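I wanted a quick look at this model before anything else. Here are my notes.

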Amino acid sequence: VIIDCHNHVLATALPPGHERFIREMRAVGLRRTGVLPDDRAPTEPDWAALGDVAAPVDPDVLIADHRAAGVDVSVVLAVAPSEDTSYGQRGTVDLAGVTGLPGPPSIDRSNDYVAALCRAHPELRGMAAVNPRYRGVGAALAEVERAVGELGLTGLKLYPMYDGYAVDDPQLALPVFALARDLGIGVMVHMGTTPARDAPLELGHPLAVDVVARQLPGLRVLICHAGWPWVDEALAVAARHDDVYLDLSYAQAMLSRRELADLLERAPRVGCPRSRLCWGSDYPGGGRPQTLLPQIATALEEEGGEPLAPRELARLLGGNWARFAGLPWDEATALDTVAERLPAWRAAAAS
Ligand SMILES: [Zn+2]
């Protein structure tokens, strides 16, 4: 089973703040590729020419894009609810009504929307999200219990820098991590930068994950985006703690193929074994799996390095995340799948 461990689905906030948030998230990539001007702020006509960039992500399109790329399972991450942001109310909301849940869209049901999608689509796995600054730590803890125990979600995603708290905050964050450890679930944490300019950059530094890992041994925590641009710092944290994982989502979009190959080569050399690296796309903002999957599968060989062993590749593309999440994963089947799809990935990477 090939797993893309980092995807976003539906809308991530309620209008009107949603549009500004998505525009800021997309502007970096659109400038880099020359679609938006890089010498002035984009104007309304510039944005209008691109169509509705803030349109909700349709789960059927997400699944079709992943199936076409050879991905079997997509992990969809809820966005934690927050209301005191400059973007208005953030959180996963079903604006288009595709989940079939009754009532007007509400950030209070972020985890319900994601769980509903997972019930309807066996290709999806869901991670709940909570924000201890939304209605207090007690409410966040109760929501974790509900999301995992009643909704059947697999684990947790936290967004400290978007929600305005430090990942090692003893009052706000550590109780959530402690509960996750007690429940035996893994916690993915947004780390690194974000183009959303109102999120404080200093709250994204992965060094603070070291505090969490030292205080809560046995907790499985995953540093999203490999902490980019602080990738070496994230690797240093993972090298100190056997239960700290990294995902390569968004980082892959920010790195050249040479830098990506360097990262795969460097991780085990500095003490973070490749068995703790997980592939993810950060769909839709981080790129399309049709491009990213062939690129990661062949990065080392394309750069003249020693290719990943089939077992390492199969684990990078699913097994490592399954271990992080506490899910079963059949290595023999995954090795067959990788062997079957690798020729297509090689052809796609070379073209
Ligand atoms: Zn993401």
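My entries cover a metal site and then a sheet.

Ground rules: I am working from a predicted model, where local features need pLDDT of at least 70, side-chain atom pairs count only at pLDDT 80 or more, and totals for chains, interfaces and linings use all residues. Residues are numbered from 1 along each chain as its sequence is written, and side-chain values use heavy atoms, with hydrogens and water left out.

**Zinc site.** I looked up what holds the zinc ion and found H6 (NE2), H8 (NE2) and D282 (OD) as its protein donors, 2.0 to 2.3 Å away. Donors here are N, O and S atoms within 2.8 Å of the metal (3.2 Å for Na, K and Ca); water is not among the atoms, so sites may look incomplete. Along the chain, the spacing reads H-x1-H-x273-D. H6 sits in strand β1 (residues 3-7) and D282 in the loop between β11 (277-278) and α12 (289-302), so this pair ties together parts 276 residues apart in sequence. I checked burial too: H6 and D282 are both buried (under 20% relative accessible area, 1.4 Å probe, protein chains only).

**Sheet.** Next I traced an open sheet of three strands, ordered β2-β5-β4 with antiparallel pairing. Strands are DSSP runs (E, at least two residues; helices are H or I, at least four), numbered from the N terminus, and two strands pair if DSSP finds at least two bridges between them. The edges are β2 (11-13) and β4 (82-85), each pairing on one side only. Two bridges join β4 to β5 (residues 88-93), and S82 has R90 in β5 as its bridge partner. I also noted that helix α1 (residues 17-32) packs on the sheet, touching β2 and β5 (contact means heavy atoms within 4.5 Å).

Technical notes. Axes are lines fitted to C-alpha atoms, for helices over the stretch in contact, and angles run from 0 to 180 degrees between N-to-C directions. Buried means under 20% relative accessible area, exposed over 50%, partly exposed in between (1.4 Å probe, protein chains only).
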